[in-house]
Each structure stands twice: as C-alpha cells, then as structure tokens.
Amino acid sequence: MDDLLLEFLTETNEHLETVDVEMVRFEQDPNNEAILSNIFRLVHTIKGTCGFLGLPRLEALAHAAETLMGKFRDGMPVTTPAVSLILTTLDRIKEILGELERQGAEPEGSDSDLIEMLEKMAAQEAPPPVAPAQPVKSQTSGSTVYQVLERELKPGEVSLDDLERAFQEAPGPQTASTSGSLTYQVLERPLKPGEVSLDELERAFREAPGPAPLVIEKPVASAPKVPAAPPAPAQSAKKNAETSDSGESGEGMAGKVQTIRVNVDTLEHLMTMVSELVLTRNQLLEIARRSSEDHGYKVPLQRLSQVTAELQDGVMKTRMQPIGNAWQKLPRVVRDLSNELSKKIELVMQGADTELDRQVLEVIKDPLTHMVRNSADHGIENPADRKAAGKPEKGTIRLNAYHEGGSITIEIADDGKGLNFAAIRKKAVERGIATDSEVERMSDAQVAKFIFHPGFSTAAKVTSVSGRGVGMDVVKTNIELIGGTVDIRSEQGRGTTFTIKIPLTLAIVAALIVSSKDQRFAIPQVAVSELVRVSPSSEHSIERINGTPILRLRDRLLPIVPLSKVMGLSGNEDANHGFVVVTQVAHQRFGILVDGVFHTEEIVVKPMSSKLRHIQLFSGNTILGDGAVVLIIDPNGLARMVGSEADSNEFQSDAGTEQTVAAADDMTSLLVFRGGGESLKAVPLSLVTRLEEIEASTIEWSSGRPVVQYRGRLMPLVSCDEELAIKRQGMQSLLVFSDGDVSMGLAVAEIVDIVEDKLDVELLAERSDLVGSAVVRGRTTEIVNVAHYLPMVLETWARKDRRASQDKSLLLVDSSTFFRDMLVPVLKASGYRVQTASTAQEAVRLLSGGLHADIVVTDLELSGHSGFALVASLRADPHHANTPVIGMTVKPDPQQIALARKLRISEIVSKIDRRGLLSALAELNASFEEAA
Amino acid sequence: MKSIDSIASGGTKATSRQMEFVTVMVAGQLLGLPISRVHDVFVVSEMTTVPLAPGEIAGLLNLRGRVVTAVSLRRRLGLDDATGMERRMAVGLENHGEAYGLLVDDVGEVLKLDPDEMQPNPVHMDRGWVGLSQGVHQLRDKLLIVLDVDAVLAFETEREAA
C-alpha cells in the first residue's frame with residue numbers, strides 16, 4: 001500500500017504540474033480540444049486513482065473540477081474566473097497531497113467551499129447556447145480519434161476505463177462525425193504522405209466501429225473527381241491533424257519513451273563512483289605516459305579510458321534534465337501575476353529542452369522563478385502605460401536557454417520599462433551603499449549591479465508580489481554558489497535582460513591547470529576567455545603604474561593580478577614573464593598572471609575541507625592524473641578580492657578628479673608629453689603657462705641645480721622624472737609654470753600633443769608626483785601632479801613671496817585632493833601658512849580645536865556638507881564671526897552670490913581661476929593693512 | 001619505542017577496562033590518541049600547501065584517492081616546524097565526516113592503559129596544551145599526554161568566533 005501511495009503521489013504531482021501548464025494554455029486557446037481533453041483525462045485519472053486508493057477528499061475535489069471542465073467541453077465559454085477556480089482547486093489538491101506525503105493519510109478538513117463554488121460555476125452557465133452542429137461534430141470526432149490513439153499507445157492503463165466511458169457517453173451523432181473525420185483523413189493523405197501520424201490514424205480507422213470501411217470507399221472514389229479538394233475541409237483537416245498531433249506529443253512525454261524511476265541517491269552514488277573511476281583512469285594514464293615501455297597494457301588501458309569516458313557521459317546524462325522542468329511552474333506564475341497586477345503578459349519559452357545537471361537545476365529553479373516574477377512585477381508596465389509608450393499592450397517575458405561552450409546560458413528578457421537608474425542611484429545613496437558623488441560617476445552598468453545588494457528594492461510600492469521570498473541578492477548568491485554569473489543589460493523604455501551563465505554540471509568541470517611558484521592550480525575553463533603570453537620584449541608586456549601591473553589588451557587596460565601575490569606565495573612582485581589568463585566574471589575582466597600553463601583537464605570537483613572553506617579564493621580541490629592534490633581557483637572569489645581593491649581605488653580617484661571633470665565640463669585639455677620612461681605623461685593644459693624649447697647650452701648650473709635665464713630672471717628647472725636627465729646639449733623642451741613673476745621649468749623629453757579628452761583617472765598612484773593614470777586617446781597616461789615639483793624650487797619661490805606676505809595663516813577647505821594639492825603650493829608660495837581640511841566637519845573641528853586662521857578659503861560645494869553651512873557655523877562662533885572668507889565655486893550663480901553676501905563672504909572666485917583667488921587674497925591683505 | 005612497550009600501570013586489571021592508545025612523538029613528547037578515533041597511519045609523500053590557510057593546516061594530501069586535510073600537531077601545540085625530517089608520518093582521523101591527517105614526528109606502539117590511572121593535567125602546564133590534553137599517564141620512564149582529538153581538530157571554530 002505504501003509503495004502504491006508513493007507511486008500515486010509522484011505520478012499525481014507530475015500530472016498536476018502538467019495540468020497547471022495546460023490550463024494556462026487552454027485559457028489562451030479555449031478552442032483547442034486537444035488541450036482540454038488532455039486536462040480532462042489527467043484530472044479524471046487523478047479522480048479515478050483517488051477513488052481506488054480511498055481518498056475521499058481528493059476524489060470529491062477532482063470530481064467537482066472535472067464536472068466544470070466537462071462543461072467547457074460541452075461548449076461553456078471559458079472565462080478567467082472559471083479557470084482561476086480550477087487552478088485554485090488544483091492548488092488545494094496539491095496541498096492535500098503534500099499532507100498526504102507527510103502523514104501518510106488524507107488530512108481532516110472540508111472542501112465544501114470550493115466544491116460548492118465549482119458546482120455553482122458549472123450550474124450557473126450550465127445550458128450553453130447550443131453550438132452549431134458542425135463544430136460539435138468535429139469536436140466529438142477529435143476527441144474520439146484521440147481516445148482511440150490513446151488506447152493503442154498505452155494498453156492497460158487506468159484511464160482505459162475513462163475512455164470506455166467516454167465512448168459510452170459520446171452522443172449519437174458520433175457516426176456522422178466519424179465519417180466526417182474519415183473524409184478528412186483521405187484528403188489528408190495526399191496532402192501529407194508518409195507522416196507518422198497517418199499510420200496511427202489508419203490503425204485507428206481499422207479499430208473504429210463498423211461504418212468506417214464503408215465510408216472510406218466513397219471518398220476514395222470521389223477523390224479523383226475532385227483532385228483539388230475544397231479549401232475549407234482541407235484546412236479543417238489540417239487543423240484536425242494538428243490537434244491530434246499536439247495531443248500526441250503531450251502524450252509522448254509520458255508514453256513513448258520507456259522510463260523507470262530511479263532513486264536520486266542511487267544516481268548520486270553512481271556519479272561518485274564514476275568520478276572515482278575517472279580519477280583512477282587519469283592516474284593510470286599518467287603512469288603509462290611516464291613509462292616508455294609497453295608491457296602490453298597500453299591497448300587495454302586505452303580501451304578502459306574510452307569506456308570510462310563513455311560511462312561518464314552516460315552517467316552524466318542520467319543526471320541531465322531539460323531546463324523546461326524548472327520552467328514548468330512559470331506559465332502559472334505569470335498568469336496569476338498578470339491577473340493580480342492587471343497586466344497583460346505573455347511568457348515565451350525557448351530552448352526548454354536544453355539539458356543540464358539536476359543538481360544545478362535544483363539550485364536555479366527558485367532564482368529563475370523569482371526573476372520572472374520580478375520582470376512581471378517591476379519590468380512590464382500596465383497596459384495603459386505601455387500603450388502610451390507606443391508599445392503593444394501585451395508585455396512579453398522571454399526565457400531563452402542554450403548551450404554555449406561548457407556552460408548553459410539562460411536569458412530572461414522583458415520588454416518593459418527597463419531599470420530606473422535614477423531611482424537606483426537615489427536608493428543606493430539612501431541606503432548608504434555609495435555616496436552621491438560615487439553614484440554620479442558610475443556607469444549605468446555599475447549602477448544596475450546595486451539591485452543585487454541585499455534588501456535593495458526600488459519598487460515604489462510593495463506589491464504582494466515583490467518582497468516575498470528571495471531577493472535579487474539571494475538570486476546572485478545562489479547562482480554564484482554553483483560557479484555561475486549573472487549579468488544585467490537594461491535600456492530605459494526598452495526592457496531588461498538578465499543573462500545567467502552556469503556550468504552544465506558541478507561534479508566534473510574542464511579546468512586549465514596553471515602553475516605559480518612551483519605550485520599548480522586549476523582555473524575553471526568557463527571563466528577563461530583567453531590566454532596571453534607576456535614578456536618584456538614581446539608585443540604584450542606588463543606595464544606598471546606605481547607598481548600596479550596592467551596589460552594593454554586591444555586598447556583596453558586589463559588589471560593584472562599576479563597569482564603568486566594574491567596567494568601570498570612570494571614577495572617578488574616585478575614578475576614580467578609568464579602567462580596572463582584573461583578572466584571574465586560578469587562585467588569584470590581581469591588577468592591572472594601565472595608562471596606556466598600546462599593543459600586542460602577534466603577534473604572532479606571535491607569540496608573544500610570545512611577548515612578551509614572560508615578562503616574565498618578556492619572553490620574546491622581535485623586530484624590530478626599524477627595523484628597530486630590541486631586547488632581550484634574560484635574566479636568569482638578572485639574577482640571579489642580584486643574588485644574590493646579596484647573599487648576603493650576607483651572611489652579614491654573619483655574623489656580626486658571629480659571636481660576637475662565638473663569644472664571642465666567633462667572635457668579637459670591635456671598636454672601630453674614624454675618623460676624619461678616609455679610611459680606617456682599629461683598635465684592639465686590650464687596649469688601650463690608656456691611651452692618653451694631652449695638651447696641646452698644656455699642651462700646654467702648654480703650649486704648643482706639647473707637654472708636658465710628666462711625673461712630676465714633665473715628660472716629653476718626640474719626634471720619631470722628621475723629617469724630623465726636634463727640635457728647638456730641640443731634642445732631641451734620645457735613646460736613653464738608661472739605664478740606672478742616666479743616661474744618654474746619642467747624639463748620633459750618630448751612634447752607629444754595637446755588633447756581634449758575626458759579626464760577619467762583610473763588608478764590612484766601612491767607616488768606624489770602623479771595624480772594617477774588615465775586612458776587618454778586610448779593610451780595609458782600618467783597624470784602629473786604639478787604640485788609635487790613646486791616645493792623642489794620652493795626655495796626661490798618662497799623667498800620671493802615672503803617679501804610680500806605677512807605670514808598669515810589660511811585654512812583651505814576643499815573636498816578634492818586634486819585641488820588641495822594644486823592650491824596648497826600656490827598659497828604657500830604666496831606666503832600663507834596653509835592648513836587644509838577636506839570636509840566642513842573637519843574644518844569646524846580644526847577651528848574649534850584652537851586653530852587660528854586669518855583667512856578661510858572654502859569650496860562652496862563641499863561634498864556631504866555645504867560650504868555655506870560651514871560659513872554659517874563660523875559666523876555663529878564669536879571667534880570667527882569676522883574671519884574673512886573666500887568662497888570658491890565652479891560656476892557662481894546669483895543665488896549663491898546673494899547667500900554669500902548674507903554670510904559676509906568676501907569674495908567668490910571660480911575654482912579654476914588661481915589668479916582670481918590670489919588677487920582676492922591680495923585685496924584682503926590690502927584691507928587688513930588699511931584696518932591696521 | 002620498545003622501552004614503552006612494557007606498561008607501567010601493572011597490567012593486572014581486566015582488559016575490558018583498558019583503553020588502547022596509538023602513541024605518537026612530537027618534539028620528544030609522547031602523546032596518545034584513542035585508537036577508536038584513528039583510521040590509519042601513513043607516510044606523507046606529497047603535500048599541497050594551501051595559500052591563505054590557517055597556520056595549523058599544513059596542506060592537502062591524497063590518501064588513496066581521497067583528499068585529506070593535513071593538520072600539523074606541532075603547530076597545534078605551538079611548536080616550530082621540525083626540520084630535516086626524512087619522512088613525515090601522519091595519523092588518519094575522521095571528524096564530522098571529513099578526513100584529516102595529523103602530522104607527527106613519529107608513530108610508536110599501541111599501548112593499553114587504564115583510564116582510571118590517568119592523572120589530570122598539571123596545573124602549570126602550557127595553556128595551549130591544556131586545551132588539547134585530557135590528562136597524563138605515567139609510564140615507567142616517560143609521561144604520556146592523552147590527546148583530545150576533537151579539541152585538536154577544533155581550531156577553526158575558535159578562529160571563526162574571533
């Protein structure tokens with residue numbers, strides 16, 4: 001009994017899944033009898049078995065549902081409420097089945113509510129308008145032929161009873177209709193000769209009752225007379241054939257293929273054993289490879305190897321399931337959602353037969369459902385909005401699965417409104433994941449990734465759909481857990497596409513075996529996009545920006561991660577030889593620098609010991625053919641390690657250049673030049689006063705320092721980097737920086753170009769002579785920090801300035817490091833003792849901490865806290881109520897000026913106008929003197 | 001190792017009351033592991049070190065097709081790694097379904113000892129050792145520390161809690 005019950009449970013659950021899907025299909029296509037009879041048959045089977053097993057609740061429910069469906073078959077119009085009611089009933093049946101599975105008995109309770117509703121629904125619209133005779137006939141005929149086919153396919157099935165009953169219950173006109181359908185068959189034959197279904201149809205004829213053979217002759221005789229059959233019947237015949245076809249394929253899943261049920265544990269065990277076998281085979285092959293002698297075992301070994309491979313394939317196949325299994329629930333989900341949200345949504349599923357490992361399937365089932373749910377809820381707009389946007393009222397969610405290399409790609413695309421990047425940015429700032437300035441600078445693709453943060457939802461209102469179950473963060477975690485990646489592409493108003501890439505199987509993966517410092521590691525092939533051999537002399541050589549290795553690969557900067565460094569295997573960081581394994585994880589691309597690359601090998605992934613699982617760099621380990629244990633690198637983990645570093649770098653550099661970019665309207669004129677090394681350098685053109693080329697012989701050396709007479713004064717020269725020696729002969733190129741009548745010459749090897757480009761500093765150099773590096777016109781370029789050179793010649797500079805200055809103290813408040821670094825030397829040169837603060841809070845803390853400032857120079861657009869707020873708090877403090885303040889802004893507007901006047905800010909100057917700042921300061925000095 | 005074969009504690013008691021210990025040697029100290037926990041004893045041939053791993057983990061071993069985590073008993077006891085060892089021995093243990101190999105300097109005989117005669121740890125014993133020791137047995141010419149296998153393999157939990 002127990003076994004029987006178990007069998008019943010598994011089977012019924014499967015049937016219900018199918019009914020769910022079919023029901024939704026039927027709702028969309030209410031005239032499709034094949035679907036209806038399929039549903040009818042399934043429900044009837046459930047009912048029959050329930051009765052047999054003595055499960056009264058289930059039987060009653062199934063019966064009531066069947067009655068209503070019977071009405072559909074009799075021509076009652078198919079309405080959404082009716083379908084919903086049946087679906088609800090199916091849900092109830094599932095619930096009861098669940099209980100049954102847990103407790104082994106039907107739970108107590110009554111379903112009179114549902115049954116009553118079902119009966120009411122059935123009764124309410126019971127006498128349907130008598131359908132025209134013709135359709136009724138063809139209907140009956142369709143189902144009859146179908147039933148006969150069924151019997152042929154599966155003799156002795158429980159449903160046989162029902163079939164018989166169906167026959168008995170079939171109304172009188174059957175004969176007429178049979179003849180009708182027979183006529184079609186004959187017409188059909190010349191149309192589609194040799195079709196498989198034809199055979200079956202013929203068999204069906206033979207088994208059909210008496211009148212059939214008689215009728216056959218007639219049309220055969222008449223056929224020559226009417227060679228071109230009248231279009232109408234031909235068409236309907238086709239249709240008929242189609243319906244029976246589809247009915248058959250629905251059947252085929254269960255009927256045609258012979259299957260047995262195998263316990264999953266058995267399969268798992270089989271898989272483990274095969275894995276071990278593969279390992280042993282690999283070991284044997286390795287031994288054979290090493291010994292040159294053939295003791296006659298090599299041929300059998302080859303055979304063993306082959307058989308093992310086939311066995312592995314075979315066992316893998318037993319674990320493979322079509323991804324459609326994970327999609328089965330989706331039509332129902334989408335249907336319920338579209339009703340709930342009053343949206344019109346169509347679900348298109350492509351590649352449902354793409355197979356993947358059942359373990360993987362289990363893991364992605366829930367994430368997929370969630371993402372489709374999300375697309376329906378957040379992606380697709382309501383019909384009115386869609387119409388307004390010029391889109392068809394019905395939204396489409398498209399699921400697509402296909403194999404690609406050793407992995408499977410699943411796309412979930414909707415044609416909805418796309419991600420609202422502005423809202424995500426806002427939300428990210430609200431939740432404190434990123435600051436205002438950070439999100440401003442991020443690309444949309446980067447911003448989109450925020451939706452994977454835990455608890456991130458931009459839904460304006462929480463519907464019953466969103467906010468239950470898993471969030472996108474769980475989706476991502478689940479997918480990454482099995483070595484997969486998720487990608488988002490979204491276009492405002494056009495829709496969003498999620499691309500999931502997952503390995504086919506978890507147990508055995510193809511991996512690239514690499515070495516680093518005499519230790520071997522395995523990198524899953526899925527993540528590897530290419531291999532590049534690097535050496536200093538070759539086309540591909542590793543360049544360094546402040547020691548951070550970078551590879552130029554097709555005009556893009558590829559961050560290089562030396563494996564030995566992340567592993568902490570060695571301190572030798574200037575390795576330039578080896579191979580770069582170009583790795584792509586979602587949007588992140590980076591290169592892993594390894595010493596050697598051996599080969600690819602199918603490896604059996606073994607889980608990491610619990611003691612080592614916290615190391616995110618490794619996803620597992622394996623035993624190679626030669627018996628060595630090798631660690632498997634987790635590209636996702638590595639990306640996270642790289643990413644966290646890269647992110648912070650990015651943010652740092654963001655802070656440094658953000659203002660510059662804003663000031664220059666995103667485009668900055670850069671003077672590109674070459675220093676001693678190979679690398680290009682650049683400096684914002686606005687800082688350069690003049691470009692000069694002087695005769696090297698005119699350079700004089702005063703106490704070992706190069707100076708040149710320039711416009712009647714001595715101008716100190718500085719080399720732009722240590723590698724570049726100032727020329728003793730020939731022509732020397734100079735960049736002249738001046739302030740007032742003090743100048744400095746920066747010696748460079750060659751002036752390359754002046755370019756207008758977006759200054760997007762990518763990596764912050766730790767070196768003080770560089771702000772960072774940027775891609776300028778497609779080439780890596782170091783951005784020179786002019787401020788670094790000024791102190792080198794400050795002696796002259798300071799001496800000159802001290803004459804004019806009164807040694808006042810000045811507090812410079814500016815959130816941009818770049819600007820602070822630029823201004824400090826200038827201000828110092830003008831004779832001020834400069835203190836700096838990066839935020840208003842810091843400035844207030846300094847001042848309240850007893851710092852004396854004669855003058856405050858502040859950026860009015862401080863990040864986080866407005867400069868005005870700072871000045872206001874200064875004015876509130878009696879100590880600083882009268883401290884003169886100079887405000888700096890990118891673009892002064894009347895509102896700011898009015899506010900400034902109110903707060904007694906002495907002057908507002910443009911941020912990039914150093915001269916303006918200095919003259920404002922000079923004016924202040926003058927007024928000081930007057931006051932004194 | 002023959003010297004410790006002759007058991008100090010008389011051996012007059014019934015065998016059923018006695019426990020068997022696999023004795024191992026680390027830095028000249030004799031230690032005992034309950035034989036019920038020991039799967040096998042093997043010579044370590046090739047070991048894969050795991051970068052970024054906790055110091056106690058010496059690496060991963062391939063033991064007949066199974067990946068075994070090698071834990072250094074020396075490092076667990078706060079001792080320096082031994083140098084100049086021609087062969088490394090390991091004791092195979094199992095903990096929570098995972099295989100471990102405890103690296104030791106040498107493996108000795110199996111001793112039968114009476115649990116009743118086990119003495120508590122001396123009060124001034126090194127704290128790190130106290131946590132791993134269940135008690136001390138007095139042999140004729142040596143002291144044997146009875147190792148708490150679970151405690152020896154429980155280092156990660158401490159780390160995680162920290």
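The structure is a predicted model, in which local features need pLDDT of at least 70 and side-chain atom pairs count only at pLDDT 80 or more, while totals for chains, interfaces and linings use all residues. Residues are numbered from 1 along each chain as its sequence is written, and chains are lettered from A and ligands numbered from 1 in the order in which they are written.

**Chain A as a whole**

- The secondary structure of chain A comes to 29 helices and 35 strands, where helices (H or I, at least four residues) and strands (E, at least two) are DSSP runs numbered from the N terminus.
- Of the 932 residues in chain A, 38% are buried; a residue is buried if 20 or more other C-beta atoms lie within 10 Å of its own, exposed if 12 or fewer, and partly exposed in between, with C-beta atoms placed from the backbone.
- Among the contacts in chain A with a separation of 6 or more, 68% join residues 24 or more positions apart, and two residues are in contact if their C-beta atoms, placed from the backbone, lie within 7 Å.

**A parallel sheet in chain A**

- An open sheet of 5 strands in chain A has the order S32-S31-S33-S34-S35, and its pairing is parallel; two strands pair if DSSP finds at least two bridges between them.
- At the edges of this sheet lie strand S32 (833-837) and strand S35 (907-910) of chain A, each of which pairs on one side only.
- On average, neighbouring strands of this sheet are turned by 20° against each other, direction ignored; axes are lines fitted to C-alpha atoms, for helices over the stretch in contact, and angles run from 0 to 180 degrees between N-to-C directions.
- Within chain A, strand S33 (residues 855-859) and strand S34 (residues 885-889) pair in the parallel sense over 4 bridges, and A:Thr858 has A:Gly887 in S34(A) as its bridge partner.

**Strand S13 and its two partners in chain A**

- Strand S12 (residues 548-553) and strand S13 (residues 556-562) of chain A are antiparallel and pair over 4 bridges, with A:Leu558 in S13(A) as the bridge partner of A:Leu551.
- S12(A) and S13(A) form a hairpin with 2 residues between them, and A:Arg554 in the turn has a positive phi of about 45°.
- S13(A) also pairs with strand S15 (residues 588-594) of chain A, in the parallel sense and over 3 bridges, and here A:Pro562 stands opposite A:Leu593 in S15(A).

**Two helices that cross in chain A**

- The axes of helix H16 (residues 358-379) and helix H21 (residues 472-481) of chain A come within 9 Å and cross at roughly 150°.
- That angle makes H16(A) roughly antiparallel to H21(A), because angles over 145 degrees count as roughly antiparallel, under 35 as roughly parallel, 65 to 115 as roughly perpendicular and the rest as oblique.
- A:Val363, A:Ile364, A:Pro367, A:His370 and A:Met371 in H16(A) meet A:Val475, A:Asn478, A:Ile479 and A:Leu481 in H21(A).
- By class, this contact of H16(A) with H21(A) has 7 nonpolar, 2 polar and no charged residues; Ala, Val, Leu, Ile, Met, Phe, Trp, Tyr, Cys and Pro count as nonpolar, Asp, Glu, Lys and Arg as charged, and the others, Gly among them, as polar.

**Chain A against chain B**

- The contact takes 21 residues from chain A and 17 residues from chain B.
- Helix H12 (264-290), strand S17 (618-623) and strand S18 (629-633) of chain A are the elements that give two or more residues to the side touching chain B.
- The residues on that side of chain A divide into 11 nonpolar, 7 polar and 3 charged.

**A mixed sheet in chain B**

- In chain B, an open sheet of 6 strands has the order S3-S7-S8-S6-S5-S4, with mixed pairing.
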